[in-house]
Amino acid sequence: MNTDPISDYLTRVRNAIRANHKIVEIPSSKVKKEITKILFEKGYILNYKFVDDVHPGIIKIALKYHPVTKQSAITSLQRVSSPGLRRYVGVDEMPTVLNGLGIAIISTSHGMMTDKEARNQKIGGEVICYIS
């Protein structure tokens, strides 16, 4: 039993990057699917596939590396809000990651989005994680 599935998701991706894996498989959920879509849209992962034939469902993520230096597109994944301590921010306190070079994933009443999208729509929410 896992008490924090989002933290597990981030840890699996972080460990796969450190081990230079090309693909990582993660148990699926709606929140994890939304985070995966955001990572793909922002260019942090190469591709993804949702496999829903099996019972728990699986997300297969193809990690992105630089062709010459073999450096990962994701340099850091940091969980901000946890089940024991939720972190909510208004539009005025919206965080910036690496002066705008990274992203913060925010869970809002309009769904999951990046910090920039939430600022443009002028809505706050729960800060899920920082990615750079």
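Predicted model: local features only at pLDDT ≥ 70, side-chain atom pairs only at ≥ 80, totals over all residues.
Residues are numbered from 1 along each chain as its sequence is written, and side-chain values use heavy atoms, leaving out hydrogens and water.

**Exercise 1.** Find the order of the three strands in the open sheet, and say which stand at the edges.

*Solution.* Start with the order, which is E1-E3-E2 with antiparallel pairing. (Strands are DSSP runs of E with at least two residues, helices are runs of H or I with at least four, both numbered from the N terminus; two strands pair if DSSP finds at least two bridges between them.) Next, look for single partners: E1 (23–27) and E2 (45–51) each have one partner strand, so one side of each lacks a neighbour in the sheet.

**Exercise 2.** Follow the pairing of E1 and E3.

*Solution.* First, count the bridges: E1 and E3 are joined by five, in the antiparallel sense.

**Exercise 3.** Locate Lys 70 and decide whether it is buried or exposed.

*Solution.* Begin with the place: Lys 70 lies in the loop between strand E3 (58–63) and strand E4 (77–79). Now check the backbone: Lys 70 is not a glycine, yet its phi is positive, about 60°. Finally, its relative accessible area is 53%, so Lys 70 is exposed (buried is under 20%, exposed over 50%, partly exposed in between, with a 1.4 Å probe and protein chains only).
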